[in-house]
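Dear colleague,

I am handing over the structure below, together with some notes on what was found in it. Please read the notes with the structure open beside them.

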Amino acid sequence: MLGRWRILLSQLSGPAASGRLRRTDDDSAAASPFDRPSDLEPSAPDPLEIALVEIETGALEVYARAGLPTEPGHYRKPPGTDAWTFIAATLSPEARFALTLEHPAEMGWRFARLQDLGARSERPDLKAASRLLRDIADLRSARRGLLTVDHLSIAMELGGAWRALRDSQAVKPSRLTLKPPAPPKKARTRRDKSSEAR
């Protein structure tokens with residue numbers, strides 16, 4: 001009877017869902033639908049999440065080299081300073097609205113999420129890193145719901161943008177400078193020595 005339920009539930013949830021519920025031990029091919037979630041061992045991350053983490057790590061390295069924060073969340077910048085300060089990991093729309101009322105933009109206050117910090121920079125690498133972080137956040141939130149064709153095109157653009165940013169960072173600036181070689185010193189010949197002796 002239990003085997004028949006497993007077959008029915010796996011057909012309803014599809015192969016992707018049944019693959020997520022697999023245990024890692026050898027004695028169980030699939031998890032029982034009657035097991036509590038706390039009894040199930042977490043599965044390995046899927047290839048898309050591994051790729052997103054790799055891209056996110058590279059974009060955050062660009063932020064770190066520029067002196068920007070790297071912790072996910074909301075930030076604010078007081079007037080007259082260049083440093084962003086952490087507010088919270090998550091803020092409701094009501095809380096964000098209240099902050100903007102208390103600290104208006106006309107007075108010089110700025111508010112942003114981590115993925116938006118580099119968007120207005122003059123540096124192209126910070127703009128590219130900001131765009132990558134925004135696309136990653138959009139894809140992750142879409143994965144909780146329904147993925148569309150637009151999300152597939154975002155993922156493809158994300159891969160191309162990541163390769164371009166990674167390749168631009170491949171040659172890192174160095175303190176070494178290249179100079180043309182100095183002309184060789186003229187060696188003194190025996191004639192020169194004999195003429196000096198006279």
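What follows describes the confidence of the model, then its helices and then its sheet.

This is a predicted model, in which local features need pLDDT of at least 70 and side-chain atom pairs count only at pLDDT 80 or more, while totals for chains, interfaces and linings use all residues. Residues are numbered from 1 along each chain as its sequence is written, and side-chain values use heavy atoms, with hydrogens and water left out.

The mean pLDDT (the predictor's confidence in each residue, from 0 to 100) is 75 for the protein, and 66% of its residues reach 70 or more. Helices (H or I, at least four residues) and strands (E, at least two) are DSSP runs, numbered from the N terminus. Confidence is lowest in helix H1 (residues 2–20), with a mean of 48, and highest in strand E1, at 92. Over residues 11–28 the pLDDT is below 50, and this stretch has 11 contacts in the model beyond near neighbours in sequence, where contact means heavy atoms within 4.5 Å.

Three helices, H2, H4 and H5, are described next in pairs. Their axes are lines fitted to C-alpha atoms, for helices over the stretch in contact, and angles run from 0 to 180 degrees between N-to-C directions. Angles under 35 degrees count as roughly parallel, over 145 as roughly antiparallel, 65 to 115 as roughly perpendicular and the rest as oblique.

Helix H2 (residues 47–65) packs against H4 at an angle of about 150°, with the axes 9 Å apart, and the two helices are therefore roughly antiparallel to each other. Among the residues of H2 that meet H4 are Leu52, Ile55, Ala59 and Val62, and the H4 side includes Ala129, Leu132, Ile136 and Leu139. The residues of this contact divide into 14 nonpolar, 1 polar and 5 charged, where Ala, Val, Leu, Ile, Met, Phe, Trp, Tyr, Cys and Pro count as nonpolar, Asp, Glu, Lys and Arg as charged, and the others, Gly among them, as polar.

The axes of helix H4 (residues 124–143) and H5 come within 10 Å and cross at roughly 150°, so H4 and H5 are likewise roughly antiparallel to each other. In this contact, residues of H4 including Ala129, Leu132, Ile136 and Leu139 meet residues of H5 including Leu158, Trp162 and Leu165, and the division is 12 nonpolar, 1 polar and 4 charged.

H2 and helix H5 (residues 149–168) pack at an angle of about 40°, with their axes 11 Å apart, which makes H2 oblique to H5. Here Leu52, Glu54, Ile55, Gly58, Ala59 and Val62 of H2 touch Leu158, Trp162 and Leu165 of H5, and these residues divide into 7 nonpolar, 1 polar and 1 charged.

Turning to the sheet, 3 strands form an open sheet in the order E2-E1-E3, with antiparallel pairing; two strands pair if DSSP finds at least two bridges between them. E2 and E3 stand at the edges, each with a single partner strand, so one side of each is left without a neighbour in the sheet. Strand E1 (residues 74–77) pairs with strand E2 (residues 85–88) over 3 bridges, and with strand E3 (residues 110–113) over 4 bridges. Tyr75 has Phe86 as its bridge partner in E2 and stands opposite Ala112 in E3.

With best regards
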